[in-house]
Amino acid sequence: MSIFRTTVVGGYLAYRGLFHWLSGRLLVPTLVLNPALQLAAFTMIGSYIGSQPASYYAVGNAVHSMARASIFSATVVIGAERSNGTLSTLLATPSRPIVIFGGRLIPALVTGYLSSIIMLALATTFTGATVPLAGVPMILLTIFLVALSCSALGLCLGAASLYLRDVFFLPNVSIYGMMLFCGVNLTSAENPAGESFARLIPLTNGLHAIREVMMGHQAPLSALATELGLATVYALVAMILVHVFAQRARVTASLDLGA
Amino acid sequence: MRARSRFLIIAWLFHLRQMATVRIYIFDSVVLPLVLATIALRMAGPSADPATLTSLTFGAAVMGMWAAALSGTGGAISRMRSMALLEPIVAAPTPLAAALAANALASASLGLYSLVATVLWAKFGLKAPIEIASPALLVPAFVLTVVATAALGVTLSVSLVMFRRAQSVSNLFEYPFWIFTGAMVPITLLPAWFDSVSWFIGPAWGMKAIRSAAVGDASAVGVALLAGFAVTAAYWTVSMLLLRSMERLARERAALPLS
C-alpha cells in the first residue's frame, strides 16, 4: 500500500509540481500546437522532396511527437530535481528512487499518449491517411506500447542525469536520432545503414506496426512483441542505473558523480 | 557609443565562448543540422539535382542556426530569471537590449559551426555533390543570415521577456521558421500567402541570398541582401521600442513577470 501510494499518488503530485507551468495557456501550445507544427513542417518537406505520400510523414511525425513527450517527461522527472536543487533531499529519503521516479512516468505516459492520438487524428483529417475501424484498438494498443518503451528509454536518460549535470543533451540526441533512424521520415530503403540498429530502439517496431494496420494489414505481432520487450529491457536498465547512481551518490555524499 | 560597442563585442565573445562549451548549444548548432541534412538528403535521394541537394544542405545549416538562436535567446531569459539575474540586468545602466543582442549574436554565430559542419558532412559523409557557383557571394549572404537570425532572436526574446516560461513559448517558433524561411521547401512552391509572410522574416531573405549565391545569380543576391538588411533594421527598431515600453512597465510595477 505504501509503495502504491508513493508510486501513484506521489508520482502524480510530483508530476504536477514539476510541470506546474504545463497548465492554462501553455497546455494546448505544448501538447497540441508544437507537435502539430512538427507534423505540418515535416509533411510539407516530405511532400516536396520525399518519395512517399504526405500521409507517411504525417503518421510518422504524429507518433514521434509522443516519443518526444514521453522521453522528455521521463528525463525531466529526474533532471528537474537536480536543477531545482532538491535531488539530494530526494535521494536521502527512505523510499527507493525507482519507486519515486517510476510513479511520475504514469502522468507523463498519459499526456504523451493523448497527444499522439490527437496528432494521428490531425494526420488522418488533413493528409488523407485512413484508419480502418477494425484497426483502431490495435493502433491504440501499439501507441501505448511505444509510449511505454519511450518512457523507459527516457528513464534511462533521466538516470544518467543523476550522474551528469547536462540534463537535456541526451534526450535531444535521442529524439532527433529517432527521427533519423526509426522510420519517421525515411523508409528503410532510404536509410539502410541504420536499419538493424533502429530495431533495437523504441518507436521503430511500433511505428511499423501502426503503418501496417493503417494499410489494412494484420498487425505484425513480432513488432509488437519487440516493442514490449524493448520497454522491459529499457525499464530494467533504468532501474539498475537509478539504483547504482543513487547508491554511488549516497556513498560519496555527492551528486557530482561525473564531474 | 564606443562604450556600448565595446560592451557588445566583449559580451558577444564571452557568450560565444561560454556557449561553445555547453553541449546543448553544440547539439543545436552542429549535431542537429547534420541530422536534418541527412534526413533531407536521404529523402531527396541521390538522383536529385545538385542544386536541390546544395540548397537542402544550406537549409539544414540555417535550421540549426535558428535552433541555437532559439535556445540561446529564449533560454537566456529563462536562465537569467531562474538565477535571479534578470532584475539586476534590467536595472543596470547598460541597456537590456545590448545584453540580449550580444546573447543572440553569439547564438547565431554558432551558425558558423553549423554551416561548416553541415557542408563538410553533406560533401564527404553523404557524398552529396555540393555546388557553389559563387563562393564570394555566399559570404555576405551568410552574414545577412547570421545577423537577421540574431535580430529575430532579439525581437522574440524581447517579446517574451515578461513570460515566466519564455523557453516553452519560444519553442513554438522552431517549425514555422523552417517553413517561412524556405529552408527546405522553396517558398515559391507554397501557397502565395507564405511568400507574403516571408517578406517580413529576415532570415528568409538570408536563405534566398544563400540559394541565389549557390547558383551564381548576383542580382538576386543583391536584392535579397538589401531587403534582408532592411527587415533586420526594422526588427532592431521594433525591439528597441518594445524593450523601452517593457522596461517602463517593469519599473512601474516593480516586477518582471508581468504576464
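**The contact and its surroundings**

Guide: Chain B has twelve helices and zero strands. This is a predicted model. Along the sequence, chain B reads α-α-α-α-α-α-α-α-α-α-α-α. Its radius of gyration is 18 Å, close to the 18 Å from the globule rule for 259 residues, so chain B is as compact as a globular protein of that length. Its C-alpha atoms fill a box of roughly 60 × 35 × 35 Å along the principal axes. Buried residues account for 53% of the 259 residues in chain B. Of the contacts in chain B with a separation of 6 or more, 80% join residues 24 or more positions apart.

Now the contact. Chain A puts in 28 residues and chain B 25 residues. On the chain A side, α2 (27-49) and α8 (169-181) each supply at least two residues. The largest share, twelve residues, comes from α2(A). By type, the chain A side divides into 17 nonpolar, nine polar and two charged residues.

Look closely at α2(A). This helix has 23 residues and reaches 33 Å from its first C-alpha to its last, close to the 33 Å expected. It bends by about 30 degrees at Leu33(A). A proline, Pro35(A), follows within four residues.

Next, the core. The largest nonpolar core holds 171 residues, and Val59(A), Val63(A) and Ala40(B) touch the most other members. Helix α3 (residues 50-82) of chain B gives the most to this core, with 16 residues. Beyond its neighbours within four places in sequence, Val63(A) is in contact with Ser116(A), Ile143(A), Val146(A), Leu203(A), Leu207(A) and Ile210(A).

Conventions:
Residues numbered from 1 in each chain as written. Chains lettered and ligands numbered in written order. Predicted model: local features only at pLDDT ≥ 70, side-chain atom pairs only at ≥ 80, totals over all residues. Core = buried A, V, L, I, M, F, W, Y, C linked by C-beta atoms within 7 Å. Buried ≥ 20, exposed ≤ 12 C-beta atoms within 10 Å, placed from the backbone. Contact = placed C-beta atoms within 7 Å. Nonpolar A, V, L, I, M, F, W, Y, C, P; charged D, E, K, R; others polar. Expected span 1.5 Å × (residues − 1). Bend = angle between axes of the 7 residues up to and from the residue. Rg over C-alpha atoms; globule rule 2.2 N^0.38 Å.
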